[in-house]
Each structure stands twice: as C-alpha cells, then as structure tokens.
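Subject: Structure handover

Hi there,

Here is the structure I promised to send over. Please have a look at it first, and then read on for what turned up.

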Amino acid sequence: MLADRDNPARTEKTDRIGLIPRILFSRVELWVVLLVLIVGSTLAVCFGAAVLEAERKKEGLGFVSRTALAVAEIPLTAKSMLHAGSRFRVWSTDRYKSQPTGWSFPSGPMTRSRGYLLLSRFDGSEYREKLELVAMPSMRTVYSWPVNGPELLQRIMHRRSLEPISWEDGYFDPVHPVLEENGDLIVKKFFAAIRVNACGKPLWTLQDVAYHHSIEPDAEGNLWLPSTPNRPSVAPVSEKFQDNRITEISPSGKLLLARSVAQILLRHGYANWLFSIPYGDPMHLNDIQPVLADGPYWKKGDLFLSLRNLSTIMLYRPSTDEIVWFKRGPWIAQHDVDILDDHRISVYDNDAQARTSGTPFIASSSQVMVYDFATGKISLPLQRAMNDNGVKTLTEGLFTQLPDGSALIQDPNEGRLLIFRADGAIAAQYINRAKDGWLYHL
C-alpha cells in the first residue's frame with residue numbers, strides 16, 4: 001500500500017479499474033428501475049408506431065416515421081450489403097448439382113425447333129441482369145442488350161407501397177420482357193414499365209402505378225399488363241388491399257385503358273370472391289392474354305385473365321364489360337394462360353396448395369392443363385414429362401407451345417428451362433448456374 005501511494009500513476013489506474021465494478025454492482029433504487037422500464041416501454045411503443053406509420057405510407061409523423069423505418073431496416077440493409085444479389089438465388093441448388101451449367105441436349109442436338117428465344121435472367125457470376133437473344137436450335141446467344149440497371153432505376157422516382165420485392169439500387173430484374181420488331185424491349189421491375197432501345201438506353205418510363213407480371217401484345221400491337229395502384233378503388237378495404245387492374249398501353253408508352261378487376265367482379269355480383277376472408281390479395285392477377293382473332297368461343301379483343309389466388313381463369317370482354325366465361329380449378333394457384341387454337345387454351349398449373357401457414361405444398365408436380373371448350377374436358381399432355389423431371393414451380397412458371405410441337409417450360413424458382421419433344425423427352429435444358437455454384441433466377 002505504501003508503494004502504491006509512492007506511485008501516483010499506478011494508484012490512479014487502480015482507482016479507475018475499481019470504479020467499473022462499483023458502477024456495475026452499485027445499489028439502485030427500485031423507483032429508478034421502474035422509471036427506466038416505463039420510459040423505455042413508452043419509447044419502444046412510440047418507435048413501433050412511427051415505423052408502422054411509415055410502413056403504411058402515412059405522413060402523420062413525417063420525418064420521424066421515415067427515420068424510424070430506416071433504423072428498423074438496418075438489419076435488412078446490412079444483410080443486403082453483405083449478400084448482394086443473394087435474393088436472386090433459387091430456393092434449392094442441390095437438386096441439379098449433377099446437371100451441366102448452361103445449355104445441354106440430353107437427346108442429342110436439336111434440329112427441328114427454329115426461331116429465337118428471349119432469355120431474361122440474373123447472372124450470378126457478374127451480379128447483373130442479362131437480356132439475351134438465343135438462336136434455336138443451336139441455343140447460341142446472338143445478341144445481348146447492354147441494359148444498365150442503376151441507370152433505369154434512377155428513372156423510377158419513388159417506391160411503391162405495394163412493392164413485393166426488396167429495393168436494391170444495384171439491380172434491375174426485367175420481368176417478362178417483350179421484344180419489338182425494331183429491337184427495342186419493353187421491360188419492368190414490378191414498379192415501372194420502361195422501353196429501352198437496342199443499345200439498352202431508356203426511351204420512356206411509365207410509373208403512375210406498379211406494373212407487374214406479364215406483358216402481352218394484342219392484335220393491334222398494343223400491350224396488356226397487370227398493374228396495381230397505390231390506393232384501392234374499392235372501399236372500405238385495407239390500404240394493403242391489392243386492387244389489380246387490367247392495363248393497356250401503346251408501344252409509345254401512352255396509357256389507353258385501366259380497369260379494376262375488383263370493380264369488374266363487384267359489378268357482376270362476385271363480391272364473395274373478394275371478401276369471403278380477410279385477405280389483402282384476393283385476386284393476384286398474373287397474366288392477361290389478349291384474343292387475336294374471332295373464334296367460336298371468343299372474339300378478337302377479349303382477354304383471358306389468370307387470377308392466381310382464386311385459382312380462376314376468366315374470359316372478359318372489355319368492349320361490353322362482360323364476363324363471357326370463367327372456370328375455377330382444377331388448377332391451383334395457376335400462371336400463364338395461352339390460346340392454343342380456336343377452341344383450346346393451356347394453363348400452367350402450379351399446384352401450389354397452401355395447406356399450412358408455411359411453404360405451399362405440391363402433391364406431385366406442376367402441370368400444363370389444356371382445356372377444350374368444345375368438349376369441356378381437360379387433358380394433361382405433359383404429365384409424364386413434368387412428373388419424371390420433377391417440375392415443381394411454387395410461383396411463376398411459363399409454358400409455350402413451339403411450332404414444331406415441342407413444349408417450352410420455364411421454371412424460374414429453380415433457375416432452369418426445359419424444352420420437351422412431342423414424345424416427352426428432353427430436347428434441351430438450360431441451368432442458370434453461376435461460378436459460385438448457386439442457381440439464379442430466370
């Protein structure tokens with residue numbers, strides 16, 4: 001002790017070290033603890049309310065709400081920065097680890113299928129979107145649009161309250177692009193519809209509402225897209241109610257028609273389809289297929305609508321506001337209705353059954369169902385091929401009948417394309433694998 005008194009520096013250091021346990025183990029009055037708990041709980045409730053205000057896009061608390069939301073999103077922001085591009089990975093990568101990357105031809109070189117394939121994918125090696133024109137039957141990429149994702153995102157002025165995917169400024173995932181005759185593309189990122197030229201430069205942007213899912217041209221060259229406004233047109237409903245609309249735009253980006261599907265159903269007496277359960281997305285319009293020519297069961301200008309969450313395909317006539325026909329099931333959570341001829345349509349049946357609150361359940365595999373208006377019967381032309389190759393598409397999915405009788409299946413959830421021959425054998429397969437071994441989204 002005498003030595004310590006003779007060494008003032010050591011004494012001061014010892015005093016500082018001893019101060020820490022005295023603070024940590026000092027007695028605290030009970031009223032102080034209760035006051036801290038009350039103040040802390042009050043601040044937590046106020047912080048949660050501010051976050052909720054911002055999440056619901058209300059402006060009651062203004063800057064406070066926006067700041068609180070930014071703080072609450074710090075873990076998501078950090079995860080996004082640490083794992084950039086990971087949200088474009090498919091759900092499972094082990095199923096196809098023995099399959100070759102890119103294009104392969106299990107049945108030998110393709111010879112019959114001719115034409116071009118417009119391939120939209122996320123390149124996990126370069127961590128950017130790719131829009132490629134692929135020549136058939138060699139499946140060689142003959143052109144790639146130099147689309148600049150950040151440049152396109154700068155044209156989108158604000159986020160949407162119904163935005164279904166996270167916002168990452170570095171990436172632009174062009175969903176269901178359409179190629180025009182002059183090489184321009186119409187692309188979307190679930191917010192805006194954008195036309196870019198062959199050099200990838202933007203020509204116009206539509207962002208009055210959130211445009212999503214498919215783009216399909218009609219007989220006049222105009223384009224039909226599902227869209228969802230920020231505020232629903234029906235009331236009283238939750239602000240989160242997704243009031244899907246059928247939307248027609250011109251190739252020059254002019255809005256020609258926008259009509260609420262919910263209002264259509266209400267006018268025709270189908271309120272039970274919308275409000276039988278408290279659900280914010282009762283319709284989930286994911287495809288609009290225009291009718292290009294008159295037939296015995298439809299007229300030019302009619303629209304086939306795919307309403308996923310109702311498991312319903314509807315034939316709607318915009319010219320007279322008439323529901324001509326509809327059928328609920330046997331497809332479940334379907335996508336991509338196509339017109340095959342003057343009396344048949346195809347439906348991509350995901351068979352995604354929401355039996356629990358977890359991941360939907362697929363009993364066997366997804367299927368392509370063909371409905372014949374002449375007989376009222378449904379056939380499964382690719383049943384064996386889909387089962388044998390384990391096509392289980394929980395969401396999304398596309399089917400295209402090729403001119404030579406082959407069938408193109410897009411399975412975005414698992415980052416692959418399949419082309420089946422008429423006999424069900426695989427003519428070609430594409431696996432969107434990156435250098436890191438992961439499969440990435442199509």
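What share of the 442 residues in the protein chain is buried? Buried residues make up 46% of them. Please keep in mind that this is a predicted model.

Some overall values to begin with. The protein chain has 9 helices and 25 strands. Its accessible surface comes to about 22,600 Å², and carbon and sulfur atoms account for 57% of that area. If you take the contacts between residues at least 6 apart in sequence, 49% of them join residues at least 24 apart.

Next, a strand that I think you will enjoy looking at: E20, which covers residues 367–372. All 6 of its 6 residues are buried, so E20 is largely enclosed by the rest of the structure. The side chains can be sorted by direction: Gln367, Met369 and Tyr371 point one way from E20, while Val368, Val370 and Asp372 point the other way. Both sets are buried, and Asp372 is among the buried residues.

Which strands pair with E20? One of them is strand E19 (residues 344–349), which pairs with E20 in the antiparallel sense over 6 bridges. Within that pairing, Ile345 has Tyr371 of E20 as its bridge partner. Strand E21 (residues 377–379) also pairs with E20 in the antiparallel sense, over 3 bridges. Here Asp372 stands opposite Lys377 of E21. E20 and E21 form a hairpin with 4 residues between the strands, and in this hairpin Gly376 takes a positive phi near 75 degrees.

The other part to look at is an open sheet of 5 strands, in the order E1-E25-E24-E23-E22, with antiparallel pairing. Its edge strands are E1 (102–104) and E22 (398–401), each of which pairs on one side only. On average, neighbouring strands of this sheet are turned by 15 degrees against each other, with direction ignored.

Inside this sheet, how many bridges join E23 to E24? There are 5 bridges between strand E23 (residues 407–411) and strand E24 (residues 416–420), and the two run antiparallel. In this pair, Ile409 stands opposite Leu418 of E24.

Best wishes

Key:
Residues numbered from 1 in each chain as written. Predicted model: local features only at pLDDT ≥ 70, side-chain atom pairs only at ≥ 80, totals over all residues. Heavy atoms only, no water. Pairing = 2+ DSSP bridges. Axes fitted to C-alpha atoms, helices over the stretch in contact; angles between N-to-C directions. Buried < 20%, exposed > 50% of the residue type's maximum accessible area, 1.4 Å probe, protein only. Contact = heavy atoms within 4.5 Å. Areas by Shrake-Rupley, 256 points an atom, 1.4 Å probe, with all protein chains shown as cover.
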